[in-house]
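Please have the sequence and the model at hand while reading.

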Amino acid sequence: MTDTSAPGAQALVRKLWHYCNVLRDDGLSYPDYVEQLTYLLFLKMADEQADRAIPSKYCWRSLVRLEPDEMHAHYGRILSALGGRKGMLGLIFGNAKNKIRDPGKLRLLIVDLIGQTEWTGLSDDLKGDAYEGLLEKNARDTKSGAGQYFTPRPLIEAIVQCVNPQLGEMICDPACGTAGFLLVAHDYLRKSNPKMTAAQRKNLATRSIRGVELVEEVARLAAMNLLLHGVGGNDEDELPIECADSLKAPPARQYDVVLTNPPFGIKGSVTYSKGSSTRAEDGLTIVRPDFWVQSANKQLNFMQHIVALLKPGGRAAVVVPDNVLFEGGAAASVRRRLVENCCLHTILKLPPGLFYAAGVKSNVIFFSKPKKIGAVNNQRLWVYDLRSDKRFSLRTRPLQNEDLREFVSMYFDAARKDGERSRSFDVKRVLSDPDCRLDMTWGDPANRPRAPGLARLDELSRLVADDLLRALALIAKPNGQ
């Protein structure tokens, strides 16, 4: 598992972040800084490995001995030239721009920070965990950028443990963000199989992990994150990350395991059609004949895409907001088809305060796809409530591994019994509900299901309260820090 608490990784993160504070005087934002670090780290590591994919006139050495003004101009030329290449170079440098305005500060970054470390000599764990720590700090300290894509690592680790990917299986995250799920799955497989053969290690590094990310800037962070952890990177290998819209077409390949936290949001800018569309050529209508229902709701479309993405017999764990579990209309149709066609066996109810998008109540749903159509034989749906009596916040009470220990233990207990925090339900009862609602509650009457309209009001109230709390916290900070 990723361990950014390790002393070496912590020291490296502190050092990298110290330079960010210097460069903020130049108007560089946190996400911009991490992006520039990504370009420079890639150039430096390619130079250490004598990677011939980078032409000598654009390599690290062509840059490092120049005077500040010429270095600044040449850095811009390098980014522009490598961004036009295919493969990993195109993924890392696509549309890259030099956002450091002061040549002296660029030189500081190149010579005094990146140039002082032999990066390929560091272990994958150390440099990978340091970069992961940088992404996490970026997510924590910024309201935009990669923050919206960052899922708490203890939650990812618990999910991966439950889904239990096996060596030789292919794992996909169709909305991978900075590749958190993929890295934890890779680490889980590596540590679960300490005696892998050379062929198995190569397969794990080059074929087992695949992610898709819509946002170009985030896709490059994901690729670099994987690269620093030893995944992908060779020119002859298929790229582990694709910068694309996962929902744009039926999947060309199916996977054994899908782990993902797709973007929350009500509607995208395009509409989806099950059949041929006269508007397909305008780029605003996407034809997905494999979808069960036609909807503009991005979350529902990701649910349908994930089922299509799974091989028969495959397993999935997906983070979804509350409304996916209780809304009517298309959401009800998707829920019914999911329960009827797949084995939906577990729901983990999460409290608000876990994600960088404040106020969001969410859940993790676990299901598998039967090997044969109509072969679903699941009779019970187990629901674990981490929400009641639990309060978390990103700064003062972040989620810890021990918070999920009971859930993980009970997940594997075939003889588990109903208790204060968990309950199992007859799937026939779920299907007998016309809306096939999955927002089950028990015990405290305050936790009973809310009508959709009232639940939305609750959500808006929480968002307003969170905004006020953040504003008060900013006012209370000395010197605007």
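## Salt bridges in the model

A salt bridge is counted where a side-chain nitrogen of Lys or Arg lies within 4 Å of a carboxyl oxygen of Asp or Glu. The structure, which is a predicted model, holds 17 salt bridges. Several of them are described below, together with the exposure of the residues that form them.

## Lysine 99 and glutamate 35

One of these salt bridges joins the side chains of lysine 99 and glutamate 35, with an N to O distance of 3.5 Å. Lysine 99 belongs to the loop between α5 (87-93) and α6, whereas glutamate 35 belongs to helix α2, so the pair ties together parts that are 64 residues apart in sequence.

Are the two partners buried or exposed? Lysine 99 has a relative accessible area of 35% and is therefore partly exposed. Glutamate 35, with a relative accessible area of 6%, is buried. Both residues also take part in a network of salt bridges that links Asp32, Glu35, Lys99 and Arg220.

## Two further salt bridges

Arginine 288 and aspartate 290 form another salt bridge, in which the closest N and O atoms are 2.7 Å apart. Arginine 288 counts as buried, because its relative accessibility is 0%. Aspartate 290, by contrast, is partly exposed, with a relative accessible area of 28%.

A salt bridge also connects the side chains of aspartate 439 and arginine 437, at 2.6 Å from N to O. Arginine 437 has a relative accessibility of 21% and counts as partly exposed; the limit for a buried residue is under 20%.

## Packing of helices α2 and α6

Two packed helices are described by the angle between their axes and the distance between the axes. Helix α2 spans residues 30-48 and helix α6 spans residues 103-113; they pack at an angle of about 50 degrees, and their axes are 12 Å apart. This angle makes α2 oblique to α6. The crossing of the two helices, α2 and α6, is right-handed.

Which residues make the contact? Helix α2 contributes Tyr33, Leu37 and Leu40, while helix α6 contributes Leu109, Ile110 and Leu113. Sorted by class, the contact of α2 with α6 comprises six nonpolar residues, with no polar and no charged ones.

Conventions:
Residues are numbered from 1 along each chain as its sequence is written. This is a predicted model: local features need pLDDT of at least 70, side-chain atom pairs count only at pLDDT 80 or more; totals for chains, interfaces and linings use all residues. Side-chain values use heavy atoms; hydrogens and water are left out. Axes are lines fitted to C-alpha atoms, for helices over the stretch in contact, and angles run from 0 to 180 degrees between N-to-C directions. Helices (H or I, at least four residues) and strands (E, at least two) are DSSP runs, numbered from the N terminus. Angles under 35 degrees count as roughly parallel, over 145 as roughly antiparallel, 65 to 115 as roughly perpendicular and the rest as oblique. A crossing is left-handed if the near helix is turned anticlockwise from the far one by less than a right angle, and right-handed if clockwise. Contact means heavy atoms within 4.5 Å. Ala, Val, Leu, Ile, Met, Phe, Trp, Tyr, Cys and Pro count as nonpolar, Asp, Glu, Lys and Arg as charged, and the others, Gly among them, as polar. Buried means under 20% relative accessible area, exposed over 50%, partly exposed in between (1.4 Å probe, protein chains only).
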